[in-house]
Number of protein chains: 2
Amino acid sequence: MRKRLVVALSGGVGGAKLALGLSRVLPADELLVVANTGDDFEHLGLSISPDIDTLTYTLAGIDNPATGWGRRDETWSFMDSIGALGGEDWFRLGDRDLALHVERTRRLRLGQTLSEVTSDICRRLGIGARVLPMSDDRVRTRVRSERGWIDFQDYFVRQQCRPVVHELAFDDVALARPQAEIAAALRSGDVRAVIVCPSNPFISVEPILAIPGMRDAIKASGAPVVAVSPIIGGQAVKGPTAKMMRELGLEASAAGVAARYGDLLDGYIVDHADADGVGHVGPQVTIAKILMKTLDDRETLARVTLDAADALASQR
Amino acid sequence: MRKRLVVALSGGVGGAKLALGLSRVLPADELLVVANTGDDFEHLGLSISPDIDTLTYTLAGIDNPATGWGRRDETWSFMDSIGALGGEDWFRLGDRDLALHVERTRRLRLGQTLSEVTSDICRRLGIGARVLPMSDDRVRTRVRSERGWIDFQDYFVRQQCRPVVHELAFDDVALARPQAEIAAALRSGDVRAVIVCPSNPFISVEPILAIPGMRDAIKASGAPVVAVSPIIGGQAVKGPTAKMMRELGLEASAAGVAARYGDLLDGYIVDHADADGVGHVGPQVTIAKILMKTLDDRETLARVTLDAADALASQR
């Protein structure tokens with residue numbers, strides 16, 4: 001019998017684009033998106049989960065394509081007002097976006113898990129696919145730069161990725177457990193493919209893989225693991241991936257990303273622009289157009305990725 | 001030497017109008033506004049203090065004159081969004097207003113007192129007069145109606161004062177202490193007048209007076225206590241005062257309010273429309289135009305009230 005479940009590991013923008021593509025070419029009950037929560041933080045007393053939110057908004061069709069985060073048709077009265085009251089205003093929270101943070105914070109304080117809150121909000125926003133946090137335990141990405149360790153959002157938003165990154169750490173990851181539904185899915189024997197979305201390897205995918213048992217569970221699922229390169233022509237489409245790779249002493253290339261993932265990958269989708277440099281990488285390479293500008297691009301790349309996984313599965 | 005300090009007890013709308021008048025005819029350091037916090041509540045995980053906020057916004061000149069609560073130039077994107085996420089939307093929180101609730105909640109969770117938060121926000125909004133909560137201890141007004149006890153905002157906002165009120169209670173008031181600066185001011189020997197603003201006696205002023213020691217401290221201050229009637233021509237200017245008086249078996253009149261305050265009052269300002277009915281009340285009555293439509297009305301009524309207090313003091 002055909003295996004049905006596609007498990008996609010994702011961070012924010014780039015990952016969410018592919019997740020949207022997958023959600024449009026798969027039946028709703030065949031897609032489980034595992035969201036990075038290493039970027040989560042508490043700000044203004046609110047629990048904020050940037051990658052979950054970008055995924056949620058994107059899959060619900062209410063994302064802001066201009067920014068890559070937050071909601072479309074947004075207003076900014078809250079932000080205009082918070083600074084005058086002494087509140088911090090370096091992290092931009094739109095008025096509509098704020099509703100999600102306030103409601104999530106309220107429910108978490110009542111004792112609901114992040115999974116429960118996320119699932120309910122996805123349902124209310126009409127999202128068919130499952131979006132789940134990588135863990136219901138708290139993990140926090142921190143960055144060691146020339147000025148010492150700083151919180152991720154401080155690095156990413158307040159300092160706009162300017163500090164040189166020497167090292168990353170995922171605080172408390174040793175105590176975190178894979179989210180229960182994710183763990184059950186990987187154990188189910190019904191996983192068709194594990195897809196590593198084109199997100200930043202260091203800050204979006206590795207926090208997921210760093211959860212004790214997650215990498216082994218992916219391997220043990222028996223499903224082919226296929227990544228889509230976040231690098232096109234040696235550049236990140238958006239964000240600091242290439243800059244971070246150079247700062248960490250790695251080759252800022254599609255091949256460098258594959259090397260970083262190591263033996264996790266069975267398949268790797270790279271752009272035509274990077275076709276020459278990936279002959280020597282371990283996984284089986286598929287060359288495709290991976291820049292996702294249109295909805296068609298997202299669906300096409302989703303199909304290419306699934307086809308690559310299915311081809312790998314049929315070779316086993 | 002002339003005594004300097006004017007202490008005004010206030011709820012929301014009507015009280016805030018007189019507080020604004022007082023703030024415009026007095027030097028900033030001569031006015032202390034004591035705000036009712038019996039209406040405070042936790043909503044959507046946020047700490048909301050409706051009367052403090054109406055006073056703050058009014059004194060800062062950013063109040064919404066159309067509603068009597070909230071901020072002017074407000075937007076409603078948060079409210080438009082919260083319902084779709086499963087959040088409650090019966091209590092209207094504007095996007096700008098929300099900044100105050102989020103920032104206050106954040107600071108209270110850090111361990112600041114409501115007084116500290118309120119003072120700092122007033123300072124940031126350029127308010128010269130002091131606005132302080134009646135207590136830093138939690139007091140919650142509840143209403144017994146035909147359907148049992150309900151929380152105040154449930155009665156006041158969600159049910160729009162429709163239930164018949166049989167009884168009011170101020171939960172935990174027995175454990176509350178007068179806010180420290182207020183207590184010190186009343187003990188200072190420097191109080192020129194205590195003014196009971198034209199707020200609802202039952203839900204705005206009596207929670208303040210119910211704090212153990214508050215009524216005695218007002219009496220012991222030696223200052224004349226002058227109230228402004230919240231009733232004009234047998235009607236409340238805004239809100240459920242007259243309706244509540246009838247439901248509680250009291251005479252819905254300016255005289256009925258004076259009777260309710262009892263021996264607290266030395267002076268009482270009533271409208272020309274109510275001049276006939278107040279001959280028999282205890283305090284010395286001043287007849288004036290008490291409907292405050294314009295800024296001039298507010299200032300004039302403030303002067304009338306202070307003059308009445310000063311006249312009472314000179315008779316002692």
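**Figure 1. The seven-stranded sheet of chain A.** In this predicted model, seven strands of chain A form an open sheet with parallel pairing, in the order β5-β2-β1-β9-β10-β13-β14. The edges are held by β5 (130-133) and β14 (284-288) of chain A; each has a single partner strand, so one side of each is left without a neighbour in the sheet. Ignoring direction, neighbouring strands of this sheet are turned by 25° against each other on average.

Figure 2. Strand β1 (residues 5-10) of chain A and strand β9 (residues 191-196) of chain A are joined by five bridges in the parallel sense. In this pair, A:Leu9 has A:Val196 of β9(A) opposite to it. Helix α12(A) packs on the sheet and touches β1, β9, β10 (225-228), β13 (267-271) and β14 of chain A. The direction of α12(A) makes about 145° with that of β13(A).

Figure 3. Strand β6 (residues 140-145) of chain A runs antiparallel to β8(A), and six bridges join the two. A:Thr141 faces A:Phe170 of β8(A) across this pairing. Strands of a sheet pair through backbone hydrogen bonds, either parallel or antiparallel.

**Figure 4. Crossing of helices α1 and α12 in chain A.** Helix α1 (residues 13-25) of chain A and helix α12 (residues 295-315) of chain A have axes that come within 7 Å and cross at roughly 75°. The helices α1(A) and α12(A) are therefore roughly perpendicular to each other. On the α1(A) side, the residues that meet α12(A) are A:Lys17, A:Leu18, A:Leu20, A:Gly21, A:Leu22, A:Arg24 and A:Val25. On the α12(A) side they are A:Arg298, A:Glu299, A:Leu301, A:Ala302 and A:Arg303. By class, the residues of this contact of α1(A) with α12(A) are six nonpolar, one polar and five charged.

**Figure 5. Crossing of helices α1 and α12 in chain B.** In chain B, the axes of helix α1 (residues 13-25) and helix α12 (residues 295-315) come within 7 Å, with a crossing angle of roughly 75°. That makes α1(B) roughly perpendicular to α12(B). From α1(B), the contact takes in B:Lys17, B:Leu18, B:Leu20, B:Gly21, B:Leu22, B:Arg24 and B:Val25. Their counterparts in α12(B) are B:Arg298, B:Glu299, B:Leu301, B:Ala302 and B:Arg303. The contact of α1(B) with α12(B) has six nonpolar, one polar and five charged residues.

**Figure 6. The side of chain B that touches chain A.** In this view, 24 residues of chain B are in contact with 24 residues of chain A. On chain B, α3 (77-82), α4 (95-109) and α5 (114-124) each supply at least two residues of the side that touches chain A. The largest share of that side, ten residues, comes from α4(B). Sorted by class, the side of chain B that touches chain A has ten nonpolar, seven polar and seven charged residues. Of the interface residues of chain B, 100% are also interface residues in chain A, so the copies meet through the same surface.

**Figure 7. Chain A as the setting for the close-up views.** The secondary structure of chain A comes to twelve helices and 14 strands. Along its principal axes, the C-alpha trace of chain A spans about 60 × 45 × 40 Å. A compact globule with 316 residues would have a radius of gyration near 20 Å; chain A has 19 Å, which agrees.

Notes: Residues numbered from 1 in each chain as written. Chains lettered and ligands numbered in written order. Predicted model: local features only at pLDDT ≥ 70, side-chain atom pairs only at ≥ 80, totals over all residues. Contact = placed C-beta atoms within 7 Å. Helix = DSSP H or I, 4+ residues; strand = E, 2+ residues; numbered from the N terminus. Nonpolar A, V, L, I, M, F, W, Y, C, P; charged D, E, K, R; others polar. Axes fitted to C-alpha atoms, helices over the stretch in contact; angles between N-to-C directions. Parallel < 35°, antiparallel > 145°, perpendicular 65-115°, else oblique. Pairing = 2+ DSSP bridges. Rg over C-alpha atoms; globule rule 2.2 N^0.38 Å.
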